[in-house]
Amino acid sequence: MISLTVTAVVFGVVFLAELPDKTALAGLVLGTRYRASYVFAGVAAAFALHVALAVAAGSVLTLLPQQIVHALTGVLFLGGAAVLLLKKGEDEEEIRKPENQSFWKVSGAGFMLILVAEFGDLTQIMTANLAARYDDPLSVGLGAVLALWAVAGLGIVGGKALMKKVPLRLITQIAALVMLALGVWSLWEAVTG
């Protein structure tokens, strides 16, 4: 059974953390060069694979005693908040153009770009943390993949307009504050539990 509360929390946290990420900018660049639906298909497949790996890793953590899991996820959330607050603005990475506009070339380029760029990324680590925290792999996986797909869609279709209206630094700070709160909460549960 899917928990809408867990799915919504995961969606919000992952969505905010992914917005300022380099992959949102990469999706934007790919979306301006190629057919958006082709780009999205490749990017969405890569994100689904990353979420599956992260949820599996997080589910393994649930085998540990709850206090250790809370302490570990708390420290990792605090680390993620620090990474978001301390990181400098990222430049667009140069993206190689596929030789033609075929579905397989364009979606393959999007898939490979995200597969490589997101491996071990903050949102993948956060997803593993959330899977360990909530012990609800289906709800966490659904929330994370929908958040990543939403950011990819925004980046591909309307990223330029969004970034003109909402400062990237503000989005980063909100994501960091949410992660800071989750980290403190997890550590509190580790100490009091």
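Helices (H or I, at least four residues) and strands (E, at least two) are DSSP runs, numbered from the N terminus. The views below show a predicted model, in which local features need pLDDT of at least 70 and side-chain atom pairs count only at pLDDT 80 or more, while totals for chains, interfaces and linings use all residues. Residues are numbered from 1 along each chain as its sequence is written, and side-chain values use heavy atoms, with hydrogens and water left out.

**View 1. The chain contains eight helices and zero strands.**
Along the sequence the pattern reads α-α-α-α-α-α-α-α. Of the 193 residues, 44% count as buried, a term for under 20% relative accessible area, with exposed meaning over 50% and partly exposed in between (1.4 Å probe, protein chains only). Among contacts (heavy atoms within 4.5 Å) with a separation of 6 or more, 93% join residues 24 or more positions apart.

**View 2. Confidence is highest in helix 1 and lowest in helix 2.**
The predictor's confidence in each residue is expressed as pLDDT, from 0 to 100. Helix 1 (residues 4–18) has a mean of 92, whereas helix 2 (residues 22–33) has a mean of 69. The chain averages 79, and 78% of the residues score at least 70. Over residues 90–96 pLDDT stays under 50, and the model has 13 contacts for this stretch beyond four places in sequence.

**View 3. Ile-2, Leu-4, Leu-138, Leu-142 and Leu-146 form a nonpolar patch on the surface.**
Together these residues have about 460 Å² of accessible area, computed by the Shrake-Rupley method with a 1.4 Å probe, where for residues only the protein chains shown count as cover. Patch members have over 30% relative accessible area and no salt bridge, and nonpolar side chains (Val, Leu, Ile, Met, Phe, Trp, Tyr) are joined within 5 Å, like charges within 9 Å. A salt bridge is a side-chain nitrogen of Lys or Arg within 4 Å of a carboxyl oxygen of Asp or Glu. Helix 7 (residues 137–165) supplies the largest share of the patch, three residues.

**View 4. Leu-138 and Ser-139 lie in helix 7.**
Leu-138 is exposed because its relative accessible area is 55%. Ser-139 counts as buried because its relative accessibility is 0%. Ser-139 touches Met-1, Ile-2, Ser-3, Val-6 and Thr-7, leaving aside residues up to four places away in sequence. The side chain of Ser-139 also makes a polar contact with the side chain of Asp-136, at 2.7 Å. Such a contact is a pair of N or O atoms within 3.5 Å; within protein, one must be able to donate a hydrogen and the other to accept it, and residues adjacent in sequence count only if both atoms are side-chain atoms.
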